[in-house]
Every structure is written in C-alpha cells, then in structure tokens.
Amino acid sequence: MKIMSGNSNLPLARAIAGYLELPLTDAAVRRFADEEIFVEIHENVRGEDVFVVQPTSYPVNDNLMELLICIDALRRASAKRITAVIPYFGYARQDRKPGPRTPISAKLVANLLTEAGADRVLSVDLHAGQIQGFFDIPTDNLFAAPVMAADIQARYGDQSLMVVSPDVGGVVRARALAKRLDNAPLAIVDKRRDKPGQSEVMNIIGDVKGRACILIDDIIDSGGTLCNAAQALMDEGATSVTAYITHGVLSGAAVSRVTNSALKELVITDSIQATEAAQQSDKIRILTIAPLIGEAIRRIADESSVSSLFD
Ligand code: R5P
C-alpha cells in the first residue's frame, strides 16, 4: 500500500505514514503561477493500493481540487485502488436543501470524488452519517469518541461527569460518548439559531448543577454554539465545562471567542491542521487521531474489520 498527501494537513499524513511504518509517496502537489494545481507522482504506483490523505478544510475549494487532481493522477498512473482519506469532509453541512432553489453541495462533492476515480472513502465523524449514502462506493466513517473517552477518563475521570450535547441533533453522538464513560448522565442544550452563523441558547434539558460538563460536537466553526452553551451550563451551576470537538474549523474570531469564553478547555483533534493562533491558545489542546486513521487504513488494506475498532 502507499500513502500520499496533498498540502491540506501534511503533519497528519506524516503521522499516519509513521504509524504504518511507510514513507509518504514521493509526489509534488504545487501551483502554477496562475494558481492552477499541478500534481506529479515521482514513483511507480501501478497496481498499488493508494490512500490519499486530504481533509477538505479551509481553503476548502483549493483542498478539494487538490484531492480531485491527486486522484486523477493516480488513476491515470494505473493505481489498483484509490481511497480518499478525508478526515474532515468539507461541505458536509450542506447535506439537504434548506430552502427552494438551493444546492445539496455535499452530494455534489461525493459525485466529484467518484467521477475523479476514488474507489473508497475514509472519513472521521461525518457531520451526518447519511452522507455515506451520497456515495455508491464503499465508505468508512470513523469515530473520534474512543480517543476522546480515553482522554476524558485520564483527565476528568475522578469528577462527577455529565455529557452534554450542544443541540438536539447531536444527541446520538453524545449518548455514544456517555456510554464509553461508564454510562455518564446526559444533558441537552436546546439551541435556537436565528440566522446562519449565530446561535442562541434557550435552555438546558437535564440537571447539570455540581457536574463537570463535557460538551461534545463534530464541528466548532465560529465557536458561537459552544461558547453560548458553556455559558448557559455555568449559569445552571455546572462546576466546569470542557468541550471535545472532532473538527476544529475555528474560522474568523473563533479562537479569541474560545479564549474569552466560560470554557475551561477546548479539545480538538488534528483532523484539520491547527492554525498558529489555535496552537498558541492556552485553552485549546489537540489530540491526534493519526493512529486511529492509520489502523483503519491497515485494516482496509488487509481486508479485515474496521468496525471492530469501535467495539
Ligand atoms: C451543527 O449542526 C454542527 O454540529 C456544529 O454545532 C456547528 O457547525 C458549530 O458551528 P459554530 O461553531 O459556528 O456555532
């Protein structure tokens, strides 16, 4: 098997290759003067099982295009099987028509990947599991929950924990984490969002008084959802609020919003390469999911069970 990377998250790709004790495939993914992307693979990949690591995070369109062009280059170089490893799947939040005459961009991205020549997709904590149905090729959606649960047990295991979903849509994810934390109790923030990009906390379902709250979500983007939820939980008597979020999108002023929030700590994974600001923030800690993705890749290549990683 071979592991190739675009430019979106080279440290993660290197860590995955390191876990698998493989070098990264020798390839150049660069720009022409007019910003067109050019890919050149410098070693033979004919007949190989190739995994291309490329989260489609900011700048999402550039990173997506790099991924598509890498896949095209591999297909034309006669790779036997191409797996798009997309730890963060950009456009995933556009998975339905929010109104008339609007696109379903997540489906368009799925079509583009398939058309480019991807044979499989490997993702982590897809915004909605149903997005797998947008593909007619095999997909594996990994969960960061075991990595998070181990960290929570090590850091907060001695406290009276309460797992909290920041909105009704995240309850299934929160319940799965609570189960891994010796069936910790669950609370839900009933959030009403007036306009896109803004969030408003209405009330908390569950008694969080005296509890160390663990907020769990797939994405932190502007930080509005999380910071408002943290404040609401503290107002209801929580002893502390820590957030575990798989994908640190952290756009705009999100890092300073987190820094100035009621959150004790924000823990994200390295599915997206953290910005300088995020890396330097005292409130943000990064957990690696490289071994999780590396092990899933090993199992896909060996044709053994991936789901048993989460038993
Ligand atoms: C929404 O359904 C997602 O799970 C996140 O809660 C949301 O994308 C976070 O966005 P923001 O940080 O901008 O509030």
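Modeller: A backbone N or O atom of Asp221 lies 2.8 Å from an oxygen atom of the ligand. This is a predicted model, in which local features need pLDDT of at least 70 and side-chain atom pairs count only at pLDDT 80 or more, while totals for chains, interfaces and linings use all residues. Residues are numbered from 1 along each chain as its sequence is written, and side-chain values use heavy atoms, with hydrogens and water left out.

Colleague: Which side chains reach an oxygen atom of the ligand at 2.6 Å?

Modeller: Asp218 puts a polar side-chain atom 2.6 Å from a ligand oxygen, and Ser222 has a polar side-chain atom at 2.6 Å as well. On its own the ligand exposes 380 Å², and the protein buries 87% of that. Those areas come from the Shrake-Rupley method with a 1.4 Å probe; for residues, only the protein chains shown count as cover.

Colleague: Where does the largest share of the shell around the ligand come from?

Modeller: From strand S11, which gives four residues. S11 and helix H6 (224-235) each supply at least two. The shell has 13 residues, and Asp217, Asp218, Ser222, Gly223 and Thr225 come nearest; being near a molecule or strand takes a heavy atom within 4 Å of it. Helices here are DSSP runs of H or I with at least four residues, strands are runs of E with at least two, and both are numbered from the N terminus.

Colleague: How many residues of each class are in that shell?

Modeller: Two are nonpolar, five polar and six charged. Asp, Glu, Lys and Arg count as charged, Ala, Val, Leu, Ile, Met, Phe, Trp, Tyr, Cys and Pro as nonpolar, and the others, Gly among them, as polar.

Colleague: Why is Asp217 called buried, and why is Arg173 called partly exposed?

Modeller: Buried means under 20% relative accessible area, exposed means over 50%, and partly exposed is in between, with a 1.4 Å probe and protein chains only. Asp217 has 8%, so it counts as buried. Arg173 has 21%, so it falls in the partly exposed range.

Colleague: How many salt bridges does a search of the whole structure find?

Modeller: It finds 17. One of them joins Lys2 and Glu43, with the closest N and O atoms 2.6 Å apart. Lys2 is in strand S1 (residues 2-5) and Glu43 is in the loop between strands S3 (37-41) and S4 (49-53), so this pair ties together parts 41 residues apart in sequence. Lys2, at 17%, is buried, whereas Glu43, at 27%, is partly exposed.

Colleague: Which residues are linked in a network of salt bridges?

Modeller: Arg31, Glu35, Asp62 and Glu66. Arg31 and Glu66 meet at 3.1 Å, N to O. Their bridge links Arg31 in strand S2 (residues 27-31) with Glu66 in helix H2 (residues 60-76), 35 residues apart. Glu66 is at 1%, so it is buried; Arg31 is at 28%, so it is partly exposed.

Colleague: Why does Asn9 count as buried?

Modeller: Its relative accessibility is 2%, so Asn9 is on the buried side. The residue is found in the loop between S1 and helix H1 (10-19). A polar atom of the Asn9 side chain lies 2.9 Å from the backbone oxygen of Asp270, and the side chain reaches the backbone oxygen of Ser271 at 3.5 Å.

Conventions:
Salt bridge = Lys/Arg side-chain N within 4 Å of Asp/Glu carboxyl O. Polar contact = N/O pair within 3.5 Å; in protein donor to acceptor, adjacent residues only side chain to side chain.
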